[in-house]
Amino acid sequence: MTTSSSQRGVGLGMPELPAPDYPADVRARLEPDAREIIARYPDSRSALLPLLHLVQSEEGHVTRTGMRFCAEMLGLTTAEVTAVATFYTMYRRRPSGDYQVGVCTNTLCAVMGGDAIFEELQEHLGVGNGETTDDGKITLEHIECNAACDYAPVVMVNWEFFDNQTPASARRMVDDLRAGRPVTPTRGAPLCTFKETARILAGFPDEREGAVEAGGSAGPASLAGLKLAKGESAAARVVHPRGAAPHGEPAHEPPHEPPHDPSPTEHLSSHDAPQDTSASDPSHPAGPTAEEGE
């Protein structure tokens, strides 16, 4: 007696239909931009990455229609385009928010409070990793190292830096984004939506006033090695633990100084002294420590 696939509970399914094309007006708008991108490269295949950013700027994520468009413009198969689009995490495969809020949970940011920030935002926004709020404003995700360890813990919004964050400051930031209030990155260009960011990454100029002139990508700790390489030297600075005195010296209370918020040009490193964002701070516990392998 032969058992059919349906009786065995196996669904063979139907082949997926080809992706639909863009509407005529959208395609007419995208094709000149695509040709401009392709013309930058001696080998047209090299234009695939910026082309994927271009189609992502249209819908906020890379759709099957967008991959079909890239394939047709470059003379590739949709399988070749899909292989690239699914390899890089910067290309979204499903609808996402206007603002991609990424919390660094790599080693240094994690121990400085990144894990606590991520947990706070998950609870506050009611979403998990890679999920989007109901209003379509925020997509939350944990991300790997942003090469900004001297500002740990770091949160990025549409690839712009928000340095030395705490659970409270990160919560205020996402509330402001959802409410449409102005939010200014610690350094770099002013914020724009994810679609606008994708178009800039495709290689088109950022035409917003003052965006190109905005700077401040490196801070004192980041530049210390460069200064040493140039022969510049600075006075040695030793930071001791709270309440501790240098070896051989009597303990004493540090002089009282008024609180000081560093200006955007200072950006004191999180390594310069213990910060409230450290996971070791009782105000921001990181939770129990698991044994290796657990």
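Author: In this predicted model, a cavity is a set of grid points where a 1.4 Å probe fits but cannot get out, and lining residues have an atom within 4 Å of a point.

Reader: Happy with that. Which residues line the largest cavity?

Author: The lining consists of R92, Q100, V101, G102, E141, I143, M156, N158 and W159. β1 (99–104) and β3 (138–143) are the elements that each give two or more residues to this lining, and β1 has the largest share, with three.

Reader: How many cavities of 30 Å³ or more does the count come to?

Author: There is one. The largest cavity has a volume of about 40 Å³.

Reader: What makes the lining divide as it does by class?

Author: Val, Ile, Met and Trp count as nonpolar, Glu and Arg as charged, and the others, Gly among them, as polar. The lining therefore has four nonpolar, three polar and two charged residues.

Reader: Which residues make the contact?

Author: From α5 come A116, I117, E120, L121, H124 and L125, and from α6 come P167, A170, R171, V174, D175 and R178. By class, the residues of this contact are seven nonpolar, one polar and four charged.

Terms used:
Residues are numbered from 1 along each chain as its sequence is written. This is a predicted model: local features need pLDDT of at least 70, side-chain atom pairs count only at pLDDT 80 or more; totals for chains, interfaces and linings use all residues. Side-chain values use heavy atoms; hydrogens and water are left out. On a 1 Å grid over the protein atoms alone, a cavity is a set of points where a 1.4 Å probe fits but cannot get out, and a pocket is an open set with protein on both sides within 12 Å along at least five of seven lines; lining residues have an atom within 4 Å of a point. Grid points are joined across faces, edges and corners, and a volume is the space filled by probe spheres set on the points. Helices (H or I, at least four residues) and strands (E, at least two) are DSSP runs, numbered from the N terminus. Contact means heavy atoms within 4.5 Å.
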